[in-house]
Amino acid sequence: MLANSASTITAKQRGLAQCSTCHLLIAYHPLTHNVCPRCQSLVEQRTTDSIQKCWALTICSLIVAIPANTMPIMTVLYFNKGQPDTILSGIVTMVQLGMYPIAAIVFIASFIVPLAKIVGLFFLLRSLQRKSHLTTKQRTDLYHYIELLGKWSMLDVFVVALMVSLVEIGSVIEIEAGAGATAFAIMVILTMVAANSFDPRLLWDEGENQSEDK
């Protein structure tokens, strides 16, 4: 349930906290170290420096996105002739070779999904640190969309690996992975870690603040 409803009380307001390891809900005492009685893990009501960690990882992923999109990600050899391609130029090459479905998958997975995830994280973090007209539900929906995109983040890496292994079986077209693929994989991993480092319970706290301001 969402905290912007007047009848909703969060676990934090009730003095409770959930173990991040085994998800056991326990009574939380702010002045002591709270240890889960079931798995002995340290329990926090909110992950320490969650926003700062998410900001740092998101900015790093944006920086790595530059070589991921400007360095050759693969080389398509057609009758042993070809040149290294970046993500976008590789998509154009695939279209010229008539590989429309694969070009569409690479375009969505390599360009649209990572960009949307980075922009979504920036927008979500900025909305929490500055006054925003977004409600708690809208922020929660945005976070769910980011998580949904994360499930498809590695699709392009798998597509490139699959293409390299399958297409090389033939003698007409060969595909070689480039240095950009490594940068792209690092960018995807950074965005995944950034999303995982974000504590979604902070969205409920912001909902409480909005209710108090009214």
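**Note on the predicted structure**

1. Asp49 counts as partly exposed because its relative accessibility is 44%, where partly exposed lies between buried (under 20% relative accessible area) and exposed (over 50%), with a 1.4 Å probe and protein chains only. Asp49 has a positive phi of about 55° although it is not a glycine, and it is found in the loop between β2 and α1.

2. The model is predicted, so local features need pLDDT of at least 70 and side-chain atom pairs count only at pLDDT 80 or more, while totals for chains, interfaces and linings use all residues. Residues are numbered from 1 along each chain as its sequence is written, and side-chain values use heavy atoms, with hydrogens and water left out.

3. The chain has 7 helices and 5 strands; these are DSSP runs numbered from the N terminus, helices being H or I of at least four residues and strands E of at least two. From the N terminus, the order of elements is β-β-α-β-β-α-α-α-α-β-α-α.

4. His23 is found in the loop between β1 and β2 (25-27).

5. The largest nonpolar core has 33 residues, and Leu124, Phe184, Met187 and Phe198 have the most contacts inside it. At least two residues of this core come from each of α1 (50-70), α2 (87-96), α3 (100-129), α4 (136-150), α6 (179-197) and α7 (201-213). Another core, of 6 residues, lies apart from it and includes Ala17, Cys19, Cys36 and Val43. A nonpolar core is a set of buried Ala, Val, Leu, Ile, Met, Phe, Trp, Tyr and Cys residues joined through side-chain atoms within 4.5 Å.

6. The largest pocket has a volume of about 590 Å³. Its lining has 29 residues, of which Gln18, Asp199, Pro200, Arg201 and Trp204 are the closest to the centre. A pocket is an open set of points on a 1 Å grid over the protein atoms alone, where a 1.4 Å probe fits, with protein on both sides within 12 Å along at least five of seven lines; lining residues have an atom within 4 Å of a point. The volume is the space filled by probe spheres set on the points, which are joined across faces, edges and corners.

7. β1 (16-18), α4 and α7 each supply at least two residues of this lining, and α4 gives the most, with 4 residues.

8. Buried residues make up 41% of the 214 residues in the chain.
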